[in-house]
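Biologist: I am new to this model and would like a close look at one part of it. Could you take me through what surrounds it, step by step?
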Amino acid sequence: MSFDWGVIYLYRYELLLGLQNTVMLVVVAMVLGVIAGAVACFGRLLGKGPMFWLSTFYVNTFRAIPETVLVFWIYFCGPFIFTFKPNAWDTGILSMSLVAGAYFAEIARAGIQSVSRGQWEAGRALGISEFWLWTDIVIPQAVRAMLPASALLVTNLVKMSGLVSVVGVAELIYQAQTLGSLRFRYFEFFTVVAIIYFLLIFPFSMASRAIEAHLDRRK
């Protein structure tokens, strides 16, 4: 079988549109996920009370539900709960953000709890206010500890973005399926899409390993 680069060049703009939509999905989902995850992390750190239990329910639920089921559930069952029918984009953004938030909450919680109790106590003994204790001591160390897992979360979101093609979001997988059925050249389109996914994910994987190795050397 010969690889027809001509068909890829012919439909380059459609593939670029798929790439653009994939990147938009990941960026928006990551931003919303960080916001939701920060709130859930705060609730989890409380250790008790309604916000703790609500945050725990959120984290455990959306880490346990398979992403494909979540996408289908929001798209087809959403109208029974919301006052509107989520379109394909709403479904993609909402499902990816909920999953990203659940995982980021645990990443943030682990990062904050990695700061030793001695540093908390030393800061308070020196009379440092809670605001400066968090901004000058806790958060910088927690962010460094969170970087490797956050990079892996981004790679997982890139992979998850392909799932939302099932409800019609025109990201890379959707474009490959559509163009492949149009020209009967699945081999070319899906090969190119696989290469694009690799180029998107590989730098984050390498960055995650490099950061982790750097942090290990500093211990």
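Modeller: Leaving aside its neighbours within four places in sequence, serine 165 is in contact (heavy atoms within 4.5 Å) with Glu171, Ile173, Tyr174 and Gln177. This is a predicted model, in which local features need pLDDT of at least 70 and side-chain atom pairs pLDDT 80 or more, while totals for chains, interfaces and linings use all residues. Residues are numbered from 1 along each chain as its sequence is written, and side-chain values use heavy atoms, without hydrogens or water. Serine 165 sits in the loop between helix 7 and helix 8 (172-183), helices being DSSP runs of H or I with at least four residues, numbered from the N terminus. With a relative accessible area of 9%, serine 165 is buried, a word that stands for under 20% (1.4 Å probe, protein chains only).

Helix 7 itself (residues 130-161) packs against helix 6 (residues 117-125) at an angle of about 150 degrees, with the axes, 10 Å apart, fitted to C-alpha atoms over the stretch in contact and the angle taken between N-to-C directions, from 0 to 180 degrees. The two helices are therefore roughly antiparallel, the term for angles over 145 degrees. Gln119, Trp120, Gly123 and Arg124 of helix 6 make this contact with residues of helix 7, including Leu133, Trp134 and Ile137. Leucine 133, in helix 7, is buried at a relative accessible area of 0%. Not counting residues up to four places away in sequence, leucine 133 touches Gln119, Trp120, Gly123, Arg124, Ile128 and Val138.

Definitions and conventions. Angles under 35 degrees count as roughly parallel, over 145 as roughly antiparallel, 65 to 115 as roughly perpendicular and the rest as oblique. Buried means under 20% relative accessible area, exposed over 50%, partly exposed in between (1.4 Å probe, protein chains only).
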